Amino acid sequence: YLGGQAGASAMMNVLTGKVCPSGKLNETYPLHYEDTPAFHYYPSKERSSEYREALYVGYRYFTTFRKKVAYPFGYGLSYTEFCIRQENIRFDGEVLELDVYVKNVGEKAGKEVVQVYVGKPESELEQPEKELVFFEKTKELLPGEEQKIPVHVPVKVLTSYSEEKAAYILSKGYYRIYVGNSIEAAECGGFDEEETRIIKQVTNLLCCDYKFTRLSKTNPDDTWPTGAHSGVVKNKLTFLPYEK
């Protein structure tokens, strides 16, 4: 929708078959504005809007809360078809590695984008269902051609930030691995972490004395923002400016 100066010619190349499309969406297209978590408190009449989605920004919200969408994160069409498979999932405590094989099983030459997601365990921290940790586009594959994509994900990408500990931690538990070509990638394995580890210790420099209500999947009914700073105004469901 933001095609830019070369958008029209690029679209004609796709529609006429001069090129095989291989782009992917870097955001989620919801069915309704009301399906987004920000709908409940944006914009605010009294002050600047407060972003209270916390962990659940973008695709993390729609997948975790099982929202139907028009087009999911990572979605993209092609004039050919691909088979994606993975082998040799391994984690040595420092790097997550696996081998992904992409084969063009269609009748046209084209490219595909490998996407790897991780579902982190919930021990001391709440987690979204999936998080993107790796993506890479293949070369142009001829019909029947296959390419191996080595995946390397450093441990720092698998961490989560703990405000309480002021540290990036790797929580104990089972890490689920998903491999595919969109957020709808299927689970294909995982690994166990026996103990919680602090990967990087830092200091909380920006502290706020205002307590925010943060959206939680374990308590969604009671974590929607309310009150004077929420931006929620009864019977006001428009983008138009508020009347004074």
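**Thr80.** I found Thr80 in the loop between β2 (69-71) and β3 (82-91); helices (H or I, at least four residues) and strands (E, at least two) are DSSP runs, numbered from the N terminus. I am working on a predicted model, where local features need pLDDT of at least 70 and side-chain atom pairs count only at pLDDT 80 or more, while totals for chains, interfaces and linings use all residues. Residues are numbered from 1 along each chain as its sequence is written, and side-chain values use heavy atoms, with hydrogens and water left out.

The side chain of Thr80 meets that of Asn104 at 2.7 Å. A polar atom of the Thr80 side chain also lies 3.2 Å from the backbone oxygen of Lys108. With neighbours within four places in sequence left aside, Thr80 is in contact (heavy atoms within 4.5 Å) with Cys20, Asn104, Gly106, Glu107, Lys108 and Gly110.

**Thr36.** I placed Thr36 in the loop between β1 (29-30) and α2 (59-64). Thr36 is buried, with a relative accessible area of 14%. A polar atom of its side chain lies 2.8 Å from the backbone oxygen of Tyr33. Not counting residues up to four places away in sequence, Thr36 touches Pro30, Tyr61 and Phe62.

**β10 and β11.** I checked how β10 (residues 173-180) and β11 (residues 186-193) run: they are antiparallel and joined by 7 bridges (strands pair if DSSP finds at least two bridges between them). The two form a hairpin with 5 residues between them. Tyr174 stands opposite Asp192 in β11.

**Second largest pocket.** I noted 22 lining residues for the second largest pocket, with Leu55, Leu125, Glu126, Tyr161 and Arg214 nearest its centre. β6 (131-137) and β8 (160-162) are the elements that give two or more residues to this lining. A pocket here is an open set of points on a 1 Å grid over the protein atoms alone, where a 1.4 Å probe fits, with protein on both sides within 12 Å along at least five of seven lines; lining residues have an atom within 4 Å of a point.

Conventions. Buried < 20%, exposed > 50% of the residue type's maximum accessible area, 1.4 Å probe, protein only. Polar contact = N/O pair within 3.5 Å; in protein donor to acceptor, adjacent residues only side chain to side chain.
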